[in-house]
Amino acid sequence: MPPPSPAWLPTLSRLHGLVWAAAVTAGRGGLPDRVLYFKGGIGDDIMCTAVAHALRRRGLRKVWLSTRNEALFKGNPDVVPVPADYRLYRFCSLFGIQSVEMQYDERPSRHFIALLSALVGVTGEIELLPR
């Protein structure tokens with residue numbers, strides 16, 4: 001049996017993933033400024049819209065929301081919904097774009113949206129209203 005290929009060697013699968021991610025990116029109007037993702041349910045994705053709104057108010061032009069419920073967020077001016085897929089995070093990392101996994105403790109010390117906003121560095125007053 002031949003030895004495994006080095007991790008840096010492009011394989012057909014890796015190239016396919018790169019092409020797929022590039023196509024998704026082009027279809028969404030180009031690269032984002034930040035990617036938000038939550039390994040939770042639909043309610044968690046909805047809370048992320050408040051975080052995206054806070055980021056946009058602070059100057060970010062495009063915030064991707066990685067979700068399994070893309071149709072729910074179409075038309076929302078604060079987020080660009082993209083498929084929840086690791087290939088997109090990897091593609092963005094090639095360009096130095098941060099993908100932030102949103103998460104919170106089971107017994108939070110403050111409002112969930114305030115906690116999530118702090119994860120991405122939002123300071124000051126924020127609206128605790130999902131959009």
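Guide: Welcome! A salt bridge is a side-chain nitrogen of Lys or Arg within 4 Å of a carboxyl oxygen of Asp or Glu. Please keep in mind that this is a predicted model.

Visitor: Which residues are linked in a network of salt bridges?
Guide: A search of the whole structure finds 6 salt bridges. Some of them join up into a network, and its members are Arg57, Glu127 and Arg131.

Visitor: In what order do helices and strands follow one another along the sequence?
Guide: The protein has 5 helices and 4 strands. Reading along the sequence gives the pattern α-β-α-β-α-β-α-β-α.

Visitor: How many residues apart are Arg28 and Glu70?
Guide: The side chains of Arg28 and Glu70 meet in a salt bridge, at 2.5 Å from N to O. Arg28 sits in the loop between helix H1 and strand E1, while Glu70 belongs to helix H3. The pair therefore links distant parts of the chain, and Arg28 is partly exposed, with a relative accessible area of 25%.

Visitor: Is Asp78 buried or exposed?
Guide: Asp78 forms a salt bridge with Arg56, and their closest N and O atoms are 3.8 Å apart. Asp78 lies in the loop between H3 and strand E3 and Arg56 in helix H2, so the pair ties together parts 22 residues apart in sequence. Arg56 counts as partly exposed at 31% relative accessibility. For Asp78 the value is 8%, and under 20% means that a residue is buried.

Visitor: Which residue meets Asp85 in a salt bridge?
Guide: Asp85 counts as buried, at 15% relative accessibility. At 2.9 Å from N to O, its side chain meets that of Arg87.

Visitor: Which side chain does a polar contact join to that of Thr67?
Guide: Thr67 is found in strand E2 and is buried, with a relative accessible area of 2%. Leaving out residues up to four places away in sequence, Thr67 touches several others, including Phe73, Pro81 and Val82. The polar contact spans 2.5 Å, and the partner of Thr67 is Asp45.

Visitor: How far apart do the centres of the positive and negative side chains lie?
Guide: There are 16 positive and 11 negative side chains in the protein.

Visitor: What percentage of the residues in the protein are buried?
Guide: The protein has 131 residues, and its accessible surface comes to about 7900 Å². Buried residues make up 39%.

Technical notes. Residues numbered from 1 in each chain as written. Predicted model: local features only at pLDDT ≥ 70, side-chain atom pairs only at ≥ 80, totals over all residues. Heavy atoms only, no water. Helix = DSSP H or I, 4+ residues; strand = E, 2+ residues; numbered from the N terminus. Buried < 20%, exposed > 50% of the residue type's maximum accessible area, 1.4 Å probe, protein only. Polar contact = N/O pair within 3.5 Å; in protein donor to acceptor, adjacent residues only side chain to side chain. Contact = heavy atoms within 4.5 Å. Areas by Shrake-Rupley, 256 points an atom, 1.4 Å probe, with all protein chains shown as cover. Lys, Arg positive; Asp, Glu negative; His and termini not counted. Charge placed at Lys NZ, Arg CZ, Asp CG, Glu CD.
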